[in-house]
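Subject: Structure handover

Hello,

Here is the structure we talked about. Please open it beside this email and follow along.

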Amino acid sequence: MADHGTESADARTAPSAIWKTLEDLKGDDLIAWRLADVPGRPSADERGLPNEYPFGWFGVEYSDELAVGQVKSIRYFGKELAMWRGADGKARVIDAYCAHYGANMAHGGKVHENWLECPFHAWRYGEDGAVKDIPYAKIIPPQTRKKDCVPSWPTQEANGFIWVWYHPQRVAPMWDLFNLEEVGNPNWTAFRKFRWNIYGSIQNLADNGVDIAHFRFVHGTTEMPEYEYKFEGHTRSVRARVKLGTPRGVVNGEINSINRGPGQGCVRFSGLSDTMLVTAVTPVDRDKVSALYGFTQPRAEAEGPMAGLAKALVKDICKQFDQDKVILDRYRRVDPPLVCDGDGPFGRNRVYYNQFYINPAPTPQPPKATE
């Protein structure tokens with residue numbers, strides 16, 4: 001983002017209803033708020049949230065937060081899952097409950113070579129969900145030796161994340177993850193990692209990415225951003241030129257984002273301090289979404305004379321998502337939304353997003369010109 005403004009006065013416009021909520025949250029209190037429950041929120045039915053999850057690749061954890069030999073309990077898509085990393089270094093995910101007596105294998109289970117061992121009777125499962133060994137049995141029951149005796153999840157690692165493929169009908173992966181050369185590059189920093197829980201629908205987050213008007217009223221931009229959109233198959237690309245109000249005046253910036261499917265995203269902020277944000281947005285339950293944000297920057301900027309600026313940019317991006325969260329946590333889903341000519345391309349975005357649902361939602365229509 002490059003600062004071309006000449007103003008010296010604070011150019012921010014503060015929507016007090018949003019900024020007031022966040023002004024006293026700092027440090028550990030802010031981190032806790034990002035993950036805390038929202039008590040007393042209306043039910044998913046009352047808020048009109050979708051009854052199904054979109055299909056695609058979804059990030060479930062940072063790669064470096066699952067060690068070899070470690071088992072983790074995770075919950076996504078309304079299901080308890082067990083994730084582990086075998087002796088060969090490969091991450092694997094299956095449903096958590098043992099087919100034998102229903103123990104949750106993510107709690108007390110352990111890794112045996114590359115298999116997951118149930119804590120109750122030591123039944124051992126492979127990444128295909130089949131039972132590979134029962135230490136005390138002479139014969140493994142034939143039905144347990146079949147793939148998906150316990151449902152398994154296609155799992156890959158890319159761009160610093162562990163990804164699983166979700167499809168409600170268990171259809172095999174339909175497209176590939178994209179790979180980013182900056183992640184893991186020695187000339188770029190390790191991730192600065194952030195987590196949020198958003199108490200709403202994942203599609204509201206997708207709509208937020210094409211919502212032009214809210215930047216002025218939620219984030220304090222001085223005017224409406226200039227946007228260019230491209231929808232190609234499973235990929236959505238957005239290029240935005242924005243003018244952000246700051247304590248030192250107006251800052252001109254350019255933001256280029258790409259999403260492949262509903263779960264995998266990358267955003268590049270260019271100009272004064274180059275920054276790449278890798279996003280993994282994944283439904284946990286019908287009214288809860290996990291958002292993992294990993295930031296990487298050129299070491300020459302992040303660890304050199306511009307280190308303060310690079311750090312401030314990441315902080316500001318996170319602040320904007322905090323502002324969005326205040327609203328997203330309390331959304332009532334409107335299908336289709338009532339749009340006006342100043343809104344972003346909600347209708348086109350809905351057409352794009354509908355391809356990831358078995359039962360797509362209605363598409364909003366632009367207002368008709370009056371005579």
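The largest nonpolar core has 65 residues. A nonpolar core here is a set of buried Ala, Val, Leu, Ile, Met, Phe, Trp, Tyr and Cys residues joined through side-chain atoms within 4.5 Å. Buried means under 20% relative accessible area, exposed means over 50%, and partly exposed is in between (1.4 Å probe, protein chains only). Phe 77, Phe 161, Trp 196, Tyr 293 and Phe 295 touch the most other members of this core. Another core lies apart from it, with 18 residues, among them Val 71, Ile 94, Cys 118 and Val 131. In soluble globular proteins, nonpolar side chains tend to be buried together.

Residues are numbered from 1 along each chain as its sequence is written, and side-chain values use heavy atoms, with hydrogens and water left out. The pLDDT is the predictor's confidence in each residue, from 0 to 100. Its mean over the chain is 88, and 88% of the residues reach 70 or more. Over residues 1-12 the pLDDT is below 50, although this stretch has 44 contacts in the model beyond near neighbours in sequence. Contact means heavy atoms within 4.5 Å. Where pLDDT is low, the predicted coordinates should not be read in detail.

Helices (H or I, at least four residues) and strands (E, at least two) are DSSP runs, numbered from the N terminus. Two strands pair if DSSP finds at least two bridges between them. Two bridges join strand 7 (residues 124-125) to strand 8. Arg 124 stands opposite Asp 133 in strand 8.

Now find Ile 140, in the loop between strand 8 and strand 9 (152-153). Is Ile 140 buried or exposed? Ile 140 is buried, because its relative accessible area is 15%. Leaving aside neighbours within four places in sequence, Ile 140 is in contact with Val 131, Lys 132, Asp 133, Ile 134 and Arg 145.

Salt bridges

A salt bridge is a side-chain nitrogen of Lys or Arg within 4 Å of a carboxyl oxygen of Asp or Glu. The whole structure has 32 of them. Glu 127 forms one with Arg 92, and their closest N and O atoms are 3.1 Å apart. Glu 127 lies in the loop between strand 7 and strand 8, and Arg 92 in strand 4 (residues 91-95), so the pair ties together parts that are 35 residues apart in sequence. Glu 127 is partly exposed at 36%, while Arg 92 is buried at 4%.

Helices 6 and 7

Gln 323 sits in helix 6 (residues 307-328). Gln 323 is buried, with a relative accessible area of 2%. Seven of the nine residues of helix 7 (residues 346-354) are buried, so this helix is largely enclosed by the rest of the structure. Arg 350 and Asp 335 meet in a salt bridge (3.0 Å, N to O). Arg 350 is in helix 7, and Asp 335 is in the loop between helix 6 and helix 7.

Best wishes

Key. This is a predicted model: local features need pLDDT of at least 70, side-chain atom pairs count only at pLDDT 80 or more; totals for chains, interfaces and linings use all residues.
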